[in-house]
Amino acid sequence: MRMVFRWFGEGNDSVTLPQIKQIPGVEGVVWALHDIPPGEIWPKARILKVKKQVERYGLHLDVVESVNIHESIKLGRADRDRYITNYIETIKNLAAVDVKVICYNFMPVFDWIRTDLYGSLPDKSTALFYEKAKVTDMDPLELVKKIAANPDYTMPGWEPERLEILKDLFAAYLDVTENDLIAHLQYFLERVIPVCEEYDIKLAIHPDDPPWEIFGLPRIVTTQERLRDILNLVPSNYNGITLCSGALGLRRDNDIVSMIHEFQERIHFAHIRNVKLFGNGDFIETSHRTNDGSLGIDEIVRAYHDIDFTGYTRPDHGRHIWDEQCRPGYGLYDRALGIMYLWGLWDAYQLVKRKGVSNVTNPFELER
Ligand code: CS2
Ligand code: MN
């Protein structure tokens, strides 16, 4: 497990590089050029600037999240080849600074969707919250308008200035089926993966969040079966997965431990976080600790330990605690606590392995 930490860039993040450097066991940042629109080439000079900033603190920039995919590629439009060519140029520019993994997603229109970025937890901290009724009962454009009108609630893809574009996109996706979307992903992968092989840089698709159809938009990165299909679209090690426990774990029928075992060679990036699922379909993000949410983070870390996972790993979203002012889900404190929890589990499993405590398979199960 090689620990990395998401950083949104100088002037764009409340968390600083010196702070990240002091979190135990963090070796690199997960970064992106967030101001470059999907479909455009990431300029070499901009990439080199980040390299300089990050390396000054002894951190690496091996993992990029995300190089976003232009909607024309997802829609299979006639102009997609131009955007694929640009994507390939970006891959080459990133390989030139030794980037090893590129995380991306194939979600139409929106990245992750929540209805409240500051939902309350019983301890008075706040976290990203999803209220099912709000999503199912509302016209998506109305919801977008309402959320976008409040600057505190702006999420990726929901920006007010995108409203007109959003209307067109919704219309464009009306007759795109899940199978079409899979075919468009295949078309993309067949063209970029050979370049990834040549330049030794791995692609890692992030699951849809939440992993089900939303607002009538098709979604395909949702289950173990779907992940298997995607890996088989182009059977190369360079066509891999970002296994996000918090996104996939929103479905009770998803078994993360089984996915870790099945896809082990193709998991190039692990996102680990917990989430509390409610009976009515709502959910809220929690601390990383197993006891605080619905996912067995202890079992998930044990599965990574069992497969001797050497891939990049990051804590995912955290709560907002101790009055921290930060990007929603991306504060310093709770994610740093999350890292210490992950290391705590990992080191304990290491110890059990070293000492050969054969009668205790999971010391943490005894506590629960
Ligand atoms: C989210 C996403 O769950 C997550 O990791 O923060 O924004 C995610 O980074 C992107 O969907 C990956 O492309
Ligand atoms: Mn994630």
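**Close-up views of a predicted model**

With a salt bridge taken as a side-chain nitrogen of Lys or Arg within 4 Å of a carboxyl oxygen of Asp or Glu, the count in this predicted model comes to 23 salt bridges. Residues are numbered from 1 along each chain as its sequence is written, and chains are lettered from A and ligands numbered from 1 in the order in which they are written. Because the model is predicted, local features need pLDDT of at least 70 and side-chain atom pairs count only at pLDDT 80 or more, while totals for chains, interfaces and linings use all residues; side-chain values use heavy atoms, with hydrogens and water left out.

View 1. Of the 18 residues around ligand 1, E65, S66, D111, H317 and Y330 come nearest, a residue being near if one of its heavy atoms lies within 4 Å of the molecule. Taken alone, ligand 1 exposes 340 Å², of which the protein buries 98%, with areas from the Shrake-Rupley method and a 1.4 Å probe. The shell has 6 nonpolar, 5 polar and 7 charged residues, and strand β4 (residues 101-105) gives the most to it, with 3 residues; strands (E, at least two residues) and helices (H or I, at least four) are DSSP runs numbered from the N terminus.

**View 2. A salt bridge between R2 and E27.** The side chains of R2 and E27 meet in a salt bridge, with 2.7 Å from N to O. This pair links distant parts of the chain, R2 in strand β1 (residues 2-6) and E27 in strand β2 (residues 26-31), 25 residues apart. R2 counts as partly exposed because its relative accessibility is 32%, and E27 counts as partly exposed at 23%; buried means under 20% relative accessible area, exposed over 50%, and partly exposed in between (1.4 Å probe, protein chains only).

View 3. A salt bridge of 3.2 Å, N to O, joins the side chains of E285 and R273. E285 lies in strand β11 (residues 283-285) and R273 in the loop between β9 (267-272) and β10 (275-277), 12 residues apart, and both residues are buried. The two belong to a network of salt bridges that links R6, E65, R114, D209, R273, E285, R314 and D316.

View 4. The side chains of K353 and D308 meet in a salt bridge at 3.0 Å, N to O. K353 lies in helix α13 and D308 in the loop between α12 (297-306) and β12 (312-315), so the pair ties together parts that are 45 residues apart in sequence.

**View 5. Backbone geometry in loops.** Most residues other than glycine have a negative phi, and most peptide bonds are trans. The peptide bond from E65 to S66, however, is cis, with omega near 0 degrees, and S66 is found in the loop between β3 (60-65) and α3 (71-75). A cis peptide bond also joins D209 and P210. V109, in the loop between β4 and β5 (116-120), has a positive phi near 65 degrees, and V109 counts as buried because its relative accessible area is 5%.

Methods: Nonpolar A, V, L, I, M, F, W, Y, C, P; charged D, E, K, R; others polar.
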